[in-house]
Amino acid sequence: MSESGAPAFLFDLDGTLVDSVYQHVLAWREALEGAGIELAVWRIHRKIGMSGGLFLQALVRETGNELGADQIERLQRAHAAAYLRVVDQVRPLPGARELLARLTSLGVPWAIATSGRLETAAPALARLRVPDHVPIVTRDLVARAKPDPDLFLEAARQLGVAVSDAVVVGDSVWDLLAAQRAHTLGVGLLSGGYGQEELETAGAYRVYEDPRDLLLHLDEVGVRGR
């Protein structure tokens, strides 16, 4: 627990703090079609939030194909290039900056843990105006990404808190499955496109619309105002 008595917060990035899920979906479609792999956009969306390697294997399994390590690396590079071409469209989700600022003002520690690599995460982090002292854990820093718990475990370690004294906030079932595997509580947001029932089934003990809605209900997740 923090000095304020509130839990620490471990945030996902895409779809949780920034409105970037659909830019990622279309960037993955472009990368896949460039490799001759055709998949409907909705299928791609259902896997967003997993680590890139698992994401691709899960998607391509639906086509009956297999990918080698070199193909996966090429597709990940193609996705990054396509996403960076449209990253100027990405904006913070409603209330995201205000939520982070409120936690900071209350002395509640928080970190960001994303399955994305720093190359694609950096522009979104800049738009959120994340302070330099806040831990940022990207896919580059851990052995395995979501739904494995490594990202959240590392974020808690960098904050200097026990992961059991933290709350994971994410928009996808993969965030919440990773939270369960880390043995910590998960809060779901609807801002990434998953439904409330899906998020609750994956382990969310509270579900809110977006960061602004969470900000209005911080008392429900253990944060008391001054």
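This is a predicted model: local features need pLDDT of at least 70, side-chain atom pairs count only at pLDDT 80 or more; totals for chains, interfaces and linings use all residues.
Reader: In what order do the six strands of the open sheet lie, and how are they paired?

Author: The order of the six strands is 3-2-1-4-5-6, and their pairing is parallel. Strand 3 (136-137) and strand 6 (204-208) are the edges, and because each has a single partner strand, one side of each is left without a neighbour in the sheet. Strand 6 pairs with strand 5 (residues 185-189) over four bridges, and within this region Gly-186 stands opposite Ala-204. Across strand 4 (166-170), strand 5 and strand 6 lies helix 8 (residues 173-181), which runs at about 170° to strand 5.

Reader: Which residues of helix 5 are buried?

Author: An α-helix has 3.6 residues a turn, so residues three or four places apart point the same way. In helix 5 the buried residues are Ala-96, Leu-99, Leu-100 and Leu-103. They lie on the same side of helix 5, because they cover an arc of only 95° around the axis. The buried residues of this helix pack against strand 1, strand 2, helix 6 and helix 10 (211-216).

Reader: Which residues have the most contacts inside the largest nonpolar core?

Author: In soluble globular proteins, nonpolar side chains tend to be buried together. Here the largest such core has 34 residues, and those with the most contacts inside it are Phe-9, Phe-11, Leu-13, Leu-103, Trp-110, Ile-112 and Leu-214. Elements that each supply at least two residues of this core include strand 1 (8-11), helix 5 (96-105) and strand 2 (110-113). Apart from it lies another core, of 26 residues, which includes Leu-32, Ile-72, Val-173 and Leu-176.

Definitions and conventions. Residues are numbered from 1 along each chain as its sequence is written. Side-chain values use heavy atoms; hydrogens and water are left out. Two strands pair if DSSP finds at least two bridges between them. Contact means heavy atoms within 4.5 Å. Axes are lines fitted to C-alpha atoms, for helices over the stretch in contact, and angles run from 0 to 180 degrees between N-to-C directions. A nonpolar core is a set of buried Ala, Val, Leu, Ile, Met, Phe, Trp, Tyr and Cys residues joined through side-chain atoms within 4.5 Å. Buried means under 20% relative accessible area, exposed over 50%, partly exposed in between (1.4 Å probe, protein chains only). The arc is that of the directions from the helix axis to the C-beta atoms.
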